[in-house]
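Reader: I have a protein model open and would like to learn how to read it. Could you walk me through some of its features?

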Amino acid sequence: MHSSHRNRRCWKVQKFLPFPLINPNRYHATLDESIYLKVLPSLKDKSGTSLLAEFLRIWTNYKAMLKCLGGFFLYLDKKCTDQKRSAPLKEIALTCFQNGVCNDLLPKVFDAALLLISQDRREEPIDRSLLQGLSTFFVENDGPKKGTYYHMFEEKLLTDTSSCYTRIASEWLHSYSSADYILKVEGCLNDEKGRLSQFLYPSSVEKLLQVVHLKLIGEMTSQLIEKQKAENNLNSTRYQELLSRCANLNIG
(Lines give C-alpha, C1' and ligand atoms only; values in the text may rest on other atoms or scores of the structure.)
Protein backbone atom coordinates (compact mmCIF):
# COMPACT_ATOMS: atom_id res chain seq x y z
CA MET A 1 0.00 0.00 0.00
CA HIS A 2 2.75 2.40 0.90
CA SER A 3 4.58 1.77 -2.38
CA SER A 4 1.35 2.17 -4.39
CA HIS A 5 0.52 5.43 -2.64
CA ARG A 6 4.04 6.70 -3.33
CA ASN A 7 3.74 5.82 -7.03
CA ARG A 8 0.41 7.68 -7.30
CA ARG A 9 1.98 10.78 -5.73
CA CYS A 10 4.92 10.59 -8.14
CA TRP A 11 2.53 10.29 -11.07
CA LYS A 12 0.77 13.47 -9.94
CA VAL A 13 4.09 15.32 -9.84
CA GLN A 14 5.02 14.01 -13.28
CA LYS A 15 1.66 15.16 -14.63
CA PHE A 16 2.34 18.81 -13.80
CA LEU A 17 6.15 19.05 -14.07
CA PRO A 18 8.36 18.68 -17.16
CA PHE A 19 9.80 15.21 -17.62
CA PRO A 20 13.43 16.40 -17.32
CA LEU A 21 12.70 17.30 -13.70
CA ILE A 22 11.82 13.70 -12.98
CA ASN A 23 14.54 11.84 -14.83
CA PRO A 24 17.99 12.79 -13.47
CA ASN A 25 19.72 12.09 -16.77
CA ARG A 26 17.26 14.19 -18.74
CA TYR A 27 17.39 16.87 -16.06
CA HIS A 28 21.21 16.94 -16.32
CA ALA A 29 21.01 17.16 -20.11
CA THR A 30 18.47 19.99 -19.96
CA LEU A 31 20.66 22.06 -17.66
CA ASP A 32 23.73 21.38 -19.81
CA GLU A 33 21.85 22.58 -22.88
CA SER A 34 20.65 25.72 -21.10
CA ILE A 35 24.19 26.55 -19.98
CA TYR A 36 25.59 25.95 -23.46
CA LEU A 37 22.94 28.03 -25.26
CA LYS A 38 22.33 30.85 -22.78
CA VAL A 39 25.14 31.14 -20.24
CA LEU A 40 28.33 30.57 -22.21
CA PRO A 41 27.47 32.99 -25.07
CA SER A 42 27.09 35.84 -22.55
CA LEU A 43 30.58 35.15 -21.22
CA LYS A 44 32.35 34.23 -24.44
CA ASP A 45 33.65 37.62 -25.56
CA LYS A 46 34.26 39.15 -22.14
CA SER A 47 37.52 39.50 -20.25
CA GLY A 48 38.93 41.25 -17.20
CA THR A 49 36.52 42.88 -14.78
CA SER A 50 33.59 42.66 -17.21
CA LEU A 51 34.02 38.87 -17.30
CA LEU A 52 34.24 38.67 -13.51
CA ALA A 53 31.14 40.84 -13.09
CA GLU A 54 29.14 38.82 -15.61
CA PHE A 55 30.26 35.51 -14.10
CA LEU A 56 29.11 36.62 -10.65
CA ARG A 57 25.80 37.91 -12.06
CA ILE A 58 25.11 34.59 -13.75
CA TRP A 59 26.05 32.65 -10.60
CA THR A 60 23.64 34.81 -8.56
CA ASN A 61 20.83 34.16 -11.04
CA TYR A 62 21.61 30.45 -11.11
CA LYS A 63 21.41 30.29 -7.30
CA ALA A 64 18.09 32.15 -7.40
CA MET A 65 16.74 29.58 -9.84
CA LEU A 66 17.82 26.72 -7.61
CA LYS A 67 16.24 28.39 -4.60
CA CYS A 68 12.93 28.89 -6.40
CA LEU A 69 12.90 25.24 -7.41
CA GLY A 70 14.16 24.06 -4.03
CA GLY A 71 10.77 22.78 -2.94
CA PHE A 72 10.43 20.71 -6.09
CA PHE A 73 13.97 19.39 -5.67
CA LEU A 74 13.33 18.35 -2.09
CA TYR A 75 10.06 16.60 -2.87
CA LEU A 76 11.41 14.79 -5.91
CA ASP A 77 14.59 13.75 -4.12
CA LYS A 78 12.59 12.21 -1.29
CA LYS A 79 9.69 10.72 -3.21
CA CYS A 80 10.58 10.04 -6.80
CA THR A 81 14.28 9.24 -7.16
CA ASP A 82 16.32 6.25 -6.16
CA GLN A 83 18.94 7.71 -3.83
CA LYS A 84 21.11 4.64 -4.30
CA ARG A 85 21.39 5.29 -8.02
CA SER A 86 20.87 9.03 -8.46
CA ALA A 87 22.55 12.10 -7.03
CA PRO A 88 20.23 14.71 -5.44
CA LEU A 89 18.85 17.03 -8.12
CA LYS A 90 20.33 20.12 -6.48
CA GLU A 91 23.74 18.44 -6.52
CA ILE A 92 23.25 17.68 -10.21
CA ALA A 93 22.48 21.35 -10.87
CA LEU A 94 25.65 22.45 -9.07
CA THR A 95 27.74 19.91 -10.97
CA CYS A 96 26.33 21.17 -14.27
CA PHE A 97 27.42 24.71 -13.49
CA GLN A 98 30.85 23.63 -12.34
CA ASN A 99 31.47 21.42 -15.38
CA GLY A 100 29.80 23.65 -17.94
CA VAL A 101 31.00 27.06 -16.78
CA CYS A 102 33.72 26.89 -14.15
CA ASN A 103 36.08 24.35 -15.65
CA ASP A 104 36.66 26.45 -18.78
CA LEU A 105 36.23 30.00 -17.51
CA LEU A 106 37.60 30.05 -13.98
CA PRO A 107 41.23 30.55 -15.10
CA LYS A 108 40.12 33.78 -16.82
CA VAL A 109 38.01 34.74 -13.80
CA PHE A 110 41.04 34.19 -11.56
CA ASP A 111 43.18 36.37 -13.84
CA ALA A 112 40.55 39.12 -13.64
CA ALA A 113 40.58 38.95 -9.84
CA LEU A 114 44.40 39.05 -9.76
CA LEU A 115 44.32 42.12 -11.98
CA LEU A 116 41.97 43.87 -9.55
CA ILE A 117 44.25 43.05 -6.63
CA SER A 118 47.25 44.33 -8.56
CA GLN A 119 45.43 47.57 -9.35
CA ASP A 120 44.45 47.94 -5.70
CA ARG A 121 48.10 47.53 -4.68
CA ARG A 122 48.95 50.38 -7.03
CA GLU A 123 46.24 52.44 -5.32
CA GLU A 124 44.09 52.53 -8.43
CA PRO A 125 40.31 52.64 -7.87
CA ILE A 126 38.62 49.23 -8.11
CA ASP A 127 35.24 47.67 -7.41
CA ARG A 128 35.97 45.64 -4.27
CA SER A 129 32.49 44.13 -4.34
CA LEU A 130 33.69 41.93 -7.21
CA LEU A 131 36.38 40.37 -5.01
CA GLN A 132 33.88 39.96 -2.19
CA GLY A 133 31.45 38.34 -4.64
CA LEU A 134 34.13 35.92 -5.76
CA SER A 135 34.79 35.11 -2.11
CA THR A 136 31.09 34.29 -1.65
CA PHE A 137 31.24 32.03 -4.71
CA PHE A 138 34.17 30.15 -3.14
CA VAL A 139 32.28 29.70 0.14
CA GLU A 140 29.29 28.30 -1.75
CA ASN A 141 31.52 25.87 -3.63
CA ASP A 142 33.18 23.92 -0.79
CA GLY A 143 35.22 26.74 0.78
CA PRO A 144 38.98 26.54 1.41
CA LYS A 145 39.47 22.77 1.33
CA LYS A 146 42.33 21.40 -0.73
CA GLY A 147 41.38 20.85 -4.35
CA THR A 148 38.52 23.37 -4.33
CA TYR A 149 38.21 26.52 -6.42
CA TYR A 150 39.28 28.60 -3.42
CA HIS A 151 42.44 26.52 -2.98
CA MET A 152 43.22 26.89 -6.70
CA PHE A 153 42.82 30.66 -6.48
CA GLU A 154 44.94 30.84 -3.32
CA GLU A 155 47.79 29.06 -5.11
CA LYS A 156 47.64 31.49 -8.04
CA LEU A 157 47.49 34.47 -5.69
CA LEU A 158 50.51 33.24 -3.72
CA THR A 159 52.52 32.92 -6.94
CA ASP A 160 51.36 36.31 -8.22
CA THR A 161 52.10 37.97 -4.87
CA SER A 162 55.61 36.52 -4.80
CA SER A 163 56.39 37.90 -8.25
CA CYS A 164 54.82 41.26 -7.45
CA TYR A 165 56.83 41.87 -4.28
CA THR A 166 60.07 40.57 -5.73
CA ARG A 167 59.76 43.39 -8.24
CA ILE A 168 58.67 45.94 -5.63
CA ALA A 169 61.59 45.03 -3.32
CA SER A 170 64.08 45.79 -6.09
CA GLU A 171 62.39 49.09 -6.94
CA TRP A 172 62.24 50.25 -3.32
CA LEU A 173 65.84 49.26 -2.62
CA HIS A 174 67.01 51.60 -5.37
CA SER A 175 64.55 54.39 -4.57
CA TYR A 176 64.66 54.72 -0.77
CA SER A 177 67.15 54.85 2.05
CA SER A 178 67.45 51.75 4.23
CA ALA A 179 65.43 53.39 7.00
CA ASP A 180 62.71 54.62 4.63
CA TYR A 181 62.60 51.17 3.06
CA ILE A 182 61.64 49.64 6.42
CA LEU A 183 58.96 52.28 6.91
CA LYS A 184 57.56 51.44 3.45
CA VAL A 185 57.47 47.75 4.33
CA GLU A 186 55.63 48.38 7.59
CA GLY A 187 52.97 50.38 5.80
CA CYS A 188 52.76 47.82 3.02
CA LEU A 189 52.14 44.92 5.40
CA ASN A 190 49.35 46.82 7.13
CA ASP A 191 47.75 47.76 3.81
CA GLU A 192 48.04 44.21 2.47
CA LYS A 193 46.46 42.75 5.58
CA GLY A 194 43.54 45.16 5.37
CA ARG A 195 43.09 44.48 1.66
CA LEU A 196 43.22 40.69 1.79
CA SER A 197 41.11 40.35 4.93
CA GLN A 198 38.11 41.65 2.99
CA PHE A 199 37.79 38.55 0.82
CA LEU A 200 40.12 35.78 2.05
CA TYR A 201 40.09 33.37 4.97
CA PRO A 202 42.45 34.35 7.83
CA SER A 203 44.71 31.37 7.12
CA SER A 204 45.20 32.60 3.54
CA VAL A 205 45.87 36.16 4.69
CA GLU A 206 48.62 34.86 6.97
CA LYS A 207 50.21 32.84 4.16
CA LEU A 208 50.24 35.84 1.84
CA LEU A 209 51.66 38.17 4.48
CA GLN A 210 54.44 35.68 5.04
CA VAL A 211 55.23 35.80 1.33
CA VAL A 212 55.25 39.61 1.37
CA HIS A 213 57.51 39.64 4.43
CA LEU A 214 59.86 37.11 2.84
CA LYS A 215 60.21 39.07 -0.39
CA LEU A 216 60.54 42.51 1.17
CA ILE A 217 62.60 41.61 4.23
CA GLY A 218 63.76 38.00 4.41
CA GLU A 219 65.41 37.99 1.00
CA MET A 220 66.57 41.61 1.20
CA THR A 221 68.13 41.84 4.67
CA SER A 222 71.74 41.47 3.53
CA GLN A 223 71.25 44.05 0.79
CA LEU A 224 69.65 46.44 3.26
CA ILE A 225 72.64 46.03 5.57
CA GLU A 226 75.03 46.75 2.71
CA LYS A 227 72.95 49.76 1.72
CA GLN A 228 73.06 51.08 5.27
CA LYS A 229 76.83 50.71 5.39
CA ALA A 230 77.16 52.55 2.10
CA GLU A 231 74.93 55.34 3.34
CA ASN A 232 77.13 55.65 6.45
CA ASN A 233 74.68 58.02 8.06
CA LEU A 234 73.34 55.91 10.92
CA ASN A 235 75.06 55.40 14.25
CA SER A 236 75.54 51.87 15.58
CA THR A 237 72.48 52.09 17.84
CA ARG A 238 70.23 53.10 14.92
CA TYR A 239 71.83 50.38 12.85
CA GLN A 240 70.85 47.74 15.42
CA GLU A 241 67.34 49.13 15.58
CA LEU A 242 67.08 48.71 11.82
CA LEU A 243 68.16 45.07 12.02
CA SER A 244 65.67 44.44 14.83
CA ARG A 245 62.85 45.93 12.81
CA CYS A 246 63.81 43.76 9.85
CA ALA A 247 63.46 40.66 12.01
CA ASN A 248 60.34 41.62 13.93
CA LEU A 249 57.94 43.28 11.51
CA ASN A 250 54.44 42.13 12.42
CA ILE A 251 52.68 39.91 9.88
CA GLY A 252 49.93 38.70 12.16
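This is a predicted model: local features need pLDDT of at least 70, side-chain atom pairs count only at pLDDT 80 or more; totals for chains, interfaces and linings use all residues.

Reader: What share of the residues counts as buried?

Author: Buried means under 20% relative accessible area, exposed over 50%, and partly exposed in between, with a 1.4 Å probe and protein chains only. Of the 252 residues in the protein chain, 41% count as buried.

Reader: Now the rings: how many aromatic pairs does the structure hold?

Author: Rings of Phe, Tyr and Trp (its six-membered ring) pair if their centres lie within 6.5 Å; planes under 30 degrees apart count as stacked, over 60 as edge-to-face and the rest as tilted. This structure holds 14 aromatic pairs. Take Trp59 and Phe97: their ring centres are 4.9 Å apart and their planes meet at 50°, so the pair is tilted. Trp59 sits in helix 3 (residues 48-68) and Phe97 in helix 5 (residues 89-121), so the pair ties together parts that are 38 residues apart in sequence.

Reader: Are Trp59 and Phe97 buried or exposed?

Author: Trp59 is buried at 4% relative accessibility, and Phe97 is buried at 0%. Both belong to one aromatic cluster, whose members also include Phe110, Phe138 and Tyr201.

Reader: And why can charged side chains pair?

Author: Side chains of opposite charge can pair when their charged atoms come close. A salt bridge is a side-chain nitrogen of Lys or Arg within 4 Å of a carboxyl oxygen of Asp or Glu. There are 12 salt bridges in this structure. In one of them, Glu140 meets Lys63, with the closest N and O atoms 2.9 Å apart. Glu140 is in the loop between helix 6 and helix 7 (149-175) and Lys63 is in helix 3, so the pair ties together parts that are 77 residues apart in sequence.

Reader: Which residues are linked in a network of salt bridges?

Author: Asp120, Arg121, Arg128, Asp160, Glu192 and Arg195 are. Asp160 is partly exposed at 28% relative accessibility, whereas Arg121 is buried at 14%.

Methods. Residues are numbered from 1 along each chain as its sequence is written. Side-chain values use heavy atoms; hydrogens and water are left out. Helices (H or I, at least four residues) and strands (E, at least two) are DSSP runs, numbered from the N terminus.
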